[in-house]
Amino acid sequence: PDARSARFQASYGLSRLDAQVLTAERAVADWFEEAVGAYGGSPKEVANWITGQLFALLKTEEGDITTLGLRPADLADLIKLIDAGLINRNTGKRVLEEMVATGRPPAAIVEAQGLVQVSDESGLALVVEQVLAANADEVAKYRAGKTSLLGWFMGQVMKETRGKANPDLVRWLVADRLDH
């Protein structure tokens, strides 16, 4: 594990801690390398998903990473959906849970559950307008200097879109509308 940990740090740019966690068990290290190969992007992104969300799910499941019913290529496909802007990270976490529960690939879950992220600027602008119109008191407070309300407005828009709105676009639209 020590040699593999050193290689993960050198080859993949991982921190010493991430490399040690991923190489503590041979099966996890093998799974990680297969996922990195299938992903083709940042190994750190794959490491974050494995050591964060996947390990959290493993605590509630019986077995280990090899008996989880999730293939490394499926995790790579999930991360690619996020990278492409088709879903956001929070939706990705929910999709990962569903993948572990059902063994279905991420694209099939996203399509079946209608989880594709809303990035249509004109459609989101209408939702922003509705939220601002319905909350005139908060708009006045924001414009009077309580800029921390920006997050609250974003939350209202996300609630209206059932979490499917592109958060970066929502932030921009809300800030733009509130500042004009």
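Contact here means heavy atoms within 4.5 Å. With that in hand, welcome to this structure, which is a predicted model. Two packed helices are described by the angle between their axes and the distance between the axes.

**Helices α2 and α4**

- In α2, the residues D18, V21 and L22 meet K44, A47, N48, I50, T51 and F55 of α4.
- Sorted by class, the residues of this contact between α2 and α4 divide into five nonpolar, two polar and two charged.
- Helix α2 covers residues 16–23, and its axis comes within 11 Å of the axis of α4, with a crossing angle of roughly 60°.
- The two helices, α2 and α4, are therefore oblique to each other.
- As for handedness, α2 and α4 cross in a left-handed way.

**Helices α8 and α11**

- Next come helix α8 (residues 121–134) and helix α11 (residues 167–178), whose axes come within 10 Å and cross at roughly 50°.
- That angle makes α8 oblique to α11.
- The crossing of this pair, α8 and α11, is right-handed.
- On the α8 side, the contact is made by E121, L124, A125, V128, E129 and L132.
- On the α11 side, L169, V170, W172, L173, V174, R177 and L178 take part.
- By class, the contact of α8 with α11 has 10 nonpolar and three charged residues, and no polar ones.

**Helices α9 and α10**

- Helix α9 spans residues 136–143 and helix α10 spans residues 149–160; they pack at an angle of about 150°, with their axes 10 Å apart.
- Angles over 145 degrees count as roughly antiparallel, and α9 and α10 are therefore roughly antiparallel to each other.
- The crossing in which α9 passes α10 is left-handed.
- From α9, the residues E138, V139, K141 and Y142 meet L149, L150, W152 and F153 in α10.
- This contact of α9 with α10 has six nonpolar residues and two charged ones, with no polar residues.

**Aromatic rings**

- If you like looking for rings, the structure holds four aromatic pairs.
- One of them is formed by F8 and F32, a tilted pair with 5.1 Å centre to centre and 50° between the planes.
- F8 lies in helix α1 (residues 2–12) and F32 in helix α3 (residues 26–39), so this pair ties together parts that are 24 residues apart in sequence.

**A loop residue, E61**

- Where is E61 found? E61 sits in the loop between α4 (43–60) and α5 (72–83).
- E61 is partly exposed, and its relative accessible area is 37%.
- Leaving aside neighbours within four places in sequence, E61 is in contact with L68 and V100.
- R26 and E61 are 35 residues apart along the chain, and their C-alpha atoms are separated by 19 Å.

Definitions and conventions:
Residues numbered from 1 in each chain as written. Predicted model: local features only at pLDDT ≥ 70, side-chain atom pairs only at ≥ 80, totals over all residues. Heavy atoms only, no water. Axes fitted to C-alpha atoms, helices over the stretch in contact; angles between N-to-C directions. Helix = DSSP H or I, 4+ residues; strand = E, 2+ residues; numbered from the N terminus. Parallel < 35°, antiparallel > 145°, perpendicular 65-115°, else oblique. Left-handed = near helix turned anticlockwise from the far one by under 90°. Nonpolar A, V, L, I, M, F, W, Y, C, P; charged D, E, K, R; others polar. Phe/Tyr/Trp six-rings, centres within 6.5 Å; stacked < 30°, edge-to-face > 60°. Buried < 20%, exposed > 50% of the residue type's maximum accessible area, 1.4 Å probe, protein only.
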